Amino acid sequence: MNPRKEPLAPLLERRSACPLCGAGVSLWRLLCDFGAMKIFACGTCRMIFMNPFLGKEGMKEFFSQSAVEAKEIPHFKRHDVAAIAQNPGDKLYRRYAACLRRIEELTGKGRLLDVGCGEGLFLYVAAKEGWKAEGIDFSSSDLERARKNLGLEAREGDFEKADFPESNFNLITLWDVLEHAADPHAVIEKCRKLLIPGGVALIACPNEGSFLTIIAGWLYSLSFGIIKFPSRLLHVIDHPLYFDKDTLKKLLREHGFEPFYLETYETDDRNINLPLFVKVFIKVLNILAKPFDMQNRIMVIAKKPC
Ligand SMILES: [Zn+2]
């Protein structure tokens, strides 16, 4: 583990166009001002994004500093993947297995690539479910954890540059990946190229259209920017992009994908290192959001046409 915790400011890049539709700065609206970090909404496509932001090189540097454990993301807690892997009754294990079974009905079991596989829990479950599963991640420390805790080998590198054969995978999964991307179009286009015709992409990320985000936004704007904490919690330095149902579907459709399943679900609170009353508040909001499909995480499954 590299103990360096350098300031992130030198790593930030500036956009001059909306990352989804390309609209220029004059069409953006400032949503939240956190000093060095500012959150904008595109007036054309409603995409939410950070500017300046951590670009690809900055993101690699950020994760190489093991920033997850450092002060930049103080509320994040790692899963105990070794324990979850041994417990097929665990809610995260069950979620992964249920997703795979849903997709299997459509494509059968085949070759799977998990992009940003991290510590390898999804790869582990996929292999147990009978998929031929490969993973790629640029974090050597996460891949080392996958080796140590789950005995898994995955490729270290940049997905967008990786030389996987085209039309090769039945399924490509991006769990908590797309919100870290500098260019979401490049990531989704790469998925399209690597999938077989009729192949499937699964994308899961935080939902910017959730009750939680909306209420945090109200608190920020009604207090004239004084109540920053809830919004700040939801907009973190390593997430340059913030999708909701519409912007995620728009992105996929622009690359020829047909989204055929979408759900929102609540964050796994074992991942959150916050006081109990905050956790309870998040839980209650997500319960209220459920009937409206506005919980704080979003998952879309989309098919590449045959
Ligand atoms: Zn836009």
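Guide: Let's start at L121, which counts as buried because it has 25 C-beta neighbours inside 10 Å. (Buried takes 20 or more other C-beta atoms within 10 Å of a residue's own, exposed takes 12 or fewer, and partly exposed is in between, with C-beta atoms placed from the backbone.) Keep in mind that this is a predicted model: local features need pLDDT of at least 70, side-chain atom pairs count only at pLDDT 80 or more, and totals for chains, interfaces and linings use all residues. Residues are numbered from 1 along each chain as its sequence is written.

L121 sits in helix 4, which covers residues 121–128. (Helices are DSSP runs of H or I with at least four residues, strands are E runs of at least two, and both are numbered from the N terminus.) Leaving out residues up to four places away in sequence, L121 touches H79, V81, I84 and A85; contact means C-beta atoms, placed from the backbone, within 7 Å. D80 belongs to this part of the story too: its C-alpha atom is 9.6 Å from that of L121, though 41 residues separate the two along the chain.

Now step back to the whole chain. Of its contacts with a separation of 6 or more, 71% are between residues 24 or more positions apart. Buried residues make up 38% of the 306 in the chain. The radius of gyration is 19 Å, which agrees with a compact globule, because a chain of 306 residues would then have a value near 19 Å. (That is taken over C-alpha atoms, and the globule rule is 2.2 Å times the number of residues to the power 0.38.) Along the principal axes, the C-alpha atoms fill a box of roughly 55 × 40 × 40 Å, and the secondary structure comes to 10 helices and 13 strands.

Strand 10 has 9 of its 12 residues buried, so the rest of the structure largely encloses it.

The other sheet to find is an open one of 4 strands, antiparallel, in the order 2-3-4-11. Strand 2 and strand 11 (241–242) are its edges, each pairing on one side only. Strand 2 (residues 28–34) and strand 3 (residues 37–42) share 6 bridges and run antiparallel, and D33 stands opposite K38. Their hairpin has 2 residues between the strands, and there G35 takes a positive phi near 85 degrees. Strand 3 then meets strand 4 (residues 48–50), also antiparallel, through 3 bridges; here I39 is opposite M50, and A41 has I48 as its bridge partner. This second hairpin has 5 residues between the strands, and R46 takes a positive phi near 75 degrees.

Finish at helix 10 (residues 276–289). Its end C-alpha atoms are 20 Å apart, which agrees with the 20 Å that 14 residues should span at 1.5 Å a residue (1.5 Å times one less than the number of residues). The buried residues of helix 10 are I282, L285, N286 and A289. They lie on the same side of helix 10, because they cover an arc of only 100 degrees around the axis, going by directions from the helix axis to the C-beta atoms. Those buried residues pack against helix 7 (211–222). Turned away from that buried side are the exposed residues L276, F277, V280, V284, I287 and L288.

Note on methods: Pairing = 2+ DSSP bridges. Contact = placed C-beta atoms within 7 Å.
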